[in-house]
Amino acid sequence: MTNLQYKQAALATLKGKWLTALSISIVYFLIFALAASRMSFDQDNLDSMLRFVALNIVVTIVLAPVTVGRTISYLRLVRGETAGIGTLFEGFSSIRFYLKVMAAYTVVTLLVYLGSFLIVPAIYFYLMYRLVPFLLIDRRDLSFFQVLGESRRMMHGHKWRLAKLYLSFILWGILALLSTVGVVLLTPYFDTTMAHFYEQLKKEQQTATRSA
């Protein structure tokens with residue numbers, strides 16, 4: 001599929017479901033906005049900035065199940081299943097799943113943050129592990145370490161393909177960043193497009209495996 005086809009598929013999925021999709025996005029960002037409201041830093045104080053970064057990492061990891069819940073929501077819409085605000089909290093469905101999500105996100109978040117000092121490694125790690133939330137949902141039989149490995153395997157040879165899909169949203173992203181409302185509105189469109197990318201890549205690899 002081309003980037004245009006992914007986007008067209010996403011819009012087709014969202015047709016008649018925008019209210020549900022937007023409500024999920026709104027609640028998701030309200031949760032993170034509430035967490036962010038407790039964080040601040042003094043740009044002239046290095047210790048303050050380091051504490052802010054550390055706290056941001058902690059919040060990202062602790063609330064990772066909500067991020068996975070967001071992925072579950074839009075993936076269900078793509079699959080023609082029911083999703084709603086409650087789906088956001090399915091990452092907390094069991095202590096075992098919650099801990100697995102936190103473990104996976106701890107590794108990925110630290111790799112991306114550490115790689116951000118050189119930029120390129122951060123992008124590389126981000127693309128390599130971009131399928132982690134989908135695999136946490138679909139492959140619950142795997143440990144968090146195996147999920148990371150499966151994401152690496154699936155994304156082998158497809159990182160640039162995903163990067164191009166991200167780049168195709170760059171103008172939308174710039175416009176969305178002009179206001180929080182823009183980000184909230186773009187999220188359902190982007191996440192649904194990403195879910196279609198995952199579904200297509202999984203289908204291609206399953207077909208290749210059967211043909212081998």
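Q: How far apart are Lys 202 and Glu 199 in helix α11?
A: Lys 202 and Glu 199 are 3 residues apart in helix α11, so about one helical turn separates them. They form a salt bridge whose closest N and O atoms are 3.3 Å apart. A salt bridge is a side-chain nitrogen of Lys or Arg within 4 Å of a carboxyl oxygen of Asp or Glu; helices (H or I, at least four residues) are DSSP runs numbered from the N terminus.

Q: Which residues are in one network with them?
A: Salt bridges with shared partners join Arg 79, Asp 138, Glu 199 and Lys 202.

Q: What kind of model is this, and how are residues numbered?
A: This is a predicted model, where local features need pLDDT of at least 70 and side-chain atom pairs count only at pLDDT 80 or more, while totals for chains, interfaces and linings use all residues. Residues are numbered from 1 along each chain as its sequence is written, and side-chain values use heavy atoms, leaving out hydrogens and water.

Q: How many salt bridges are found in the whole structure?
A: The search finds 9. One of them joins the side chains of Arg 70 and Asp 191, at 2.5 Å from N to O. Arg 70 lies in helix α4 (residues 64-78) and Asp 191 in helix α11 (residues 180-211), so the pair ties together parts 121 residues apart in sequence.

Q: Is Asp 191 buried or exposed?
A: Asp 191 is buried, at 7% relative accessible area. Buried means under 20%, exposed over 50%, and partly exposed in between (1.4 Å probe, protein chains only). Arg 70 is also buried, at 16%.

Technical notes
Helices (H or I, at least four residues) and strands (E, at least two) are DSSP runs, numbered from the N terminus.
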